[in-house]
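Please read the following account alongside the sequence and the coordinates, going from overall confidence to domains and then to the packing of helices.

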Amino acid sequence: MSTMWQEAMLEAFRETTLRIAHFLPKLLALLTFLALGLAAGWLIKVLLLRLLRAFRFDALCERFGLGPSLAKAGTKQSISHLVGRLSFWLVFLLFALMGIDALDLTATANMMSGIIDFLPHTLAAVLLLLFGVLLANFIAEAALIATVNAQIQEARIISSFIRWGVLIFTAAMVLTQLGIAKEIIVAAFSIMFGGVMLALAIAIGLGGQSIAKDVLEQRLHRGNVKQDEMSHI
Amino acid sequence: MTKTDWPQVRQQVGDIEKIEVLVGIPTFNDAGTVGPVVKAVKAGISKVCPRASVLVVNADAGSQDGTPETIKHAMEPDTPTAFVRHLEGGLLSGPISLQAFSESGVPGRELAFRAFFTIAEDLQAKACVVVDANLQSFTSDWMEALLHPVIEKGVDYVAPLFRRARYEGTLTNCIIYPLSRALYGKQMRYQSGGGYGFSGKLASLYMTKNVWEGEGARYGIDSWLTTVAVAEGCEVSQGFLGTRIQDVKLTGMELSVVLAQRVGALFHLMEVYQEVWEGRMGSSPVPQFGFPYEPGPVGGAVNVERMVRGFQQGLRDLLPIWEIILAPETLAGILALGLLEAEEFRFPEALWVQTIYDFALAYHEKALHREHLLKSLTPLYLGQTASLVLGTREGPPEDVERAIETLCRTFESMKPYLTQRWRFP
């Protein structure tokens with residue numbers, strides 16, 4: 001009886017020691033990966049910040065209106081700092097995932113490959129979002145200046161409409177890229193776009209007849225509209 | 001035209017190795033007006049330099065109305081003439097944007113000038129005259145005013161000076177002329193188009209400048225012809241040409257586009273000639289040839305209320321953009337103008353000068369996309385023009401000239417505002 005008890009005790013102890021002996025290197029690997037992730041993330045962040053500063057990335061974003069857009073959204077940091085922070089966390093996440101993979105847990109067995117497969121889509125979505133915001137700001141600003149110079153009183157409304165149109169289109173593309181509710185997004189976007197166009201047609205047809213008439217008259221019969229006859233050159 | 005196209009021109013000019021005068025005529029669908037211009041050119045040459053060897057060069061941008069053929073008919077067979085087609089198919093061909101469609105009405109105008117200067121350099125021309133083909137008021141006297149100073153007085157560059165109606169050319173008078181005068185120290189009116197006279201030396205100098213492609217070319221050639229001549233320290237002068245009546249095809253050209261082209265050219269060259277203008281203070285007059293003219297009549301209708309409305313709308317809608325461009329004290333001054341009634345509207349000279357300098361600085365610092373920056377100046381320019389009209393319309397025509405002179409002096413006296421901020425923003 002006592003022999004059996006002893007054997008059971010020893011077996012359990014051996015098993016546990018063996019498991020710990022197996023797990024400890026994995027834990028050490030995780031900790032090493034985390035430490036490496038911190039160091040690599042910091043290094044990438046510093047290098048990227050220097051590179052962006054050298055190319056005057058913040059000034060470039062300011063020119064295309066991205067800086068003011070983020071400021072409006074409550075972000076106080078410069079865009080290069082934001083990119084730097086994003087790169088740090090991206091690198092750290094990559095190393096952390098490697099560390100988790102090293103633990104060889106059943107629950108996280110397919111997580112790493114899944115995340116790595118999804119990474120290109122995420123990167124494409126981020127780039128798409130960035131490009132979309134830049135484009136929206138640029139086109140909206142150009143439209144605002146052009147409509148103000150043409151002395152169209154609804155300049156700001158037209159500019160906002162263009163900005164939000166491009167942003168909504170971008171959001172739909174980003175969500176489609178990420179594969180989130182693809183069918184719903186496409187359907188919602190189509191319905192919304194069609195709805196907006198219909199609303200515009202009705203608005204111009206019923207409420208904005210005179211504005212449309214004035215604009216068309218100005219465009220097609222410049223000579224009849226009272227304008228300055230002086231040459232500015 | 002590039003050096004590789006030279007053999008084609010060579011074939012047309014036969015065994016001519018050297019010429020004294022080159023007459024360049026850039027054209028684009030000008031069959032209706034080019035005939036009398038060519039006849040006046042011939043009459044002018046026989047009056048100014050009857051014994052000189054002359055080559056007439058037509059650079060056509062792909063006319064569809066037989067402009068080169070009209071020139072051929074108008075020229076006598078014994079007058080050497082060369083034809084360069086620098087842009088086949090007009091606007092529809094080549095890497096040319098509407099931006100390059102200057103108010104002259106000739107697309108790719110800089111390519112035509114490049115062709116003239118290339119030929120002038122290769123044939124060692126002593127003088128070069130370029131005249132627009134869409135002129136209805138061109139006479140043989142113009143050739144004398146443009147050619148005589150170059151041949152007889154050793155002048156490098158003759159800019160045109162026209163008799164303008166009272167408020168004609170306000171963009172030139174309120175921005176281009178005062179700013180250029182303050183920067184480069186020469187009292188050149190910077191009126192452009194119509195006709196120019198160049199020495200062979202200056203034609204060669206233009207060929208060495210990197211303005212034919214890229215940003216420089218985008219703004220059109222007329223502005224930088226004068227700026228380069230003045231900034232490079234060439235002998236410059238102005239020729240009185242009388243009234244300019246043009247067959248303008250581009251009446252619908254947006255004011256903001258013209259403004260962006262002309263002011264953009266000036267700002268662009270400020271970067272190129274930073275070392276030159278930083279050291280120049282004050283200004284000196286330049287020699288003038290021909291018969292001087294009194295200020296012109298009142299001219300066409302000026303809708304001041306519309307201009308003030310344009311300014312006020314700009315103040316309401318473009319404020320976020322102006323906040324990026326203008327210094328806080330300049331913006332505060334402009335905001336105060338929004339409270340004025342149309343009849344009381346006056347843009348203080350010092351504030352206008354500060355505004356233009358702030359735009360130049362913002363252009364230099366690339367604070368905003370450059371085309372947006374330049375076009376957002378339009379409402380402010382309308383405000384300044386309205387102010388000029390309201391301040392002088394009750395007085396004699398000389399009042400306008402006096403107002404422009406005062407503005408020029410303010411630009412000169414406030415130049416340190418620009419120079420201090422240019423290097424150390």
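Chain A has an average pLDDT of 82, with 88% of the residues scoring at least 70, where pLDDT is the predictor's confidence in each residue, from 0 to 100. This is a predicted model, in which local features need pLDDT of at least 70 and side-chain atom pairs count only at pLDDT 80 or more, while totals for chains, interfaces and linings use all residues. Residues are numbered from 1 along each chain as its sequence is written, and chains are lettered from A and ligands numbered from 1 in the order in which they are written. The model scores ipTM 0.85 and pTM 0.81.

Among the elements of chain A, the lowest mean pLDDT, 66, belongs to helix α3 (residues 66–72) of chain A, and the highest, 90, to helix α6 (residues 155–178) of chain A; helices (H or I, at least four residues) and strands (E, at least two) are DSSP runs, numbered from the N terminus. For chain B the mean pLDDT is 86, and 89% of its residues reach 70 or more. Confidence in chain B is lowest in helix α8 (residues 215–218) of chain B, with a mean of 68, and highest in helix α15 (residues 349–365) of chain B, at 96. Over residues 89–101 of chain B the pLDDT is below 50, although this stretch has 23 contacts in the model beyond near neighbours in sequence, a contact being two residues whose C-beta atoms, placed from the backbone, lie within 7 Å. Where pLDDT is low, the predicted coordinates should not be read in detail.

Both chains have domain assignments, with bounds that come from an automatic or database domain assignment. Chain A is divided into domain 1 (22–109) and domain 2 (119–219), and the centres of these two domains of chain A, taken over C-alpha atoms, are separated by 32 Å. Chain B is divided into domain 1 (3–289) and domain 2 (304–423), with 30 Å between their centres, again taken over C-alpha atoms.

How many residues of domain 1 of chain B are in contact with domain 2 of chain B? There are 25, and they meet 24 residues of domain 2 of chain B. On the side of domain 1 of chain B that touches domain 2 of chain B, the elements that give two or more residues are α6 and α10 (255–272) of chain B, and α6(B) gives the most, with 10 residues. By class, that side has 15 nonpolar, six polar and four charged residues, where Ala, Val, Leu, Ile, Met, Phe, Trp, Tyr, Cys and Pro count as nonpolar, Asp, Glu, Lys and Arg as charged, and the others, Gly among them, as polar.

Helix α6 (residues 170–184) of chain B also packs with helix α18 (residues 398–413) of chain B, their axes coming within 9 Å and crossing at roughly 45°. Axes are lines fitted to C-alpha atoms, for helices over the stretch in contact, and angles run from 0 to 180 degrees between N-to-C directions. That angle makes α6(B) oblique to α18(B), since angles under 35 degrees count as roughly parallel, over 145 as roughly antiparallel, 65 to 115 as roughly perpendicular and the rest as oblique. The residues that make the contact include B:Tyr177 and B:Arg181 of α6(B) and B:Leu407 and B:Phe411 of α18(B).
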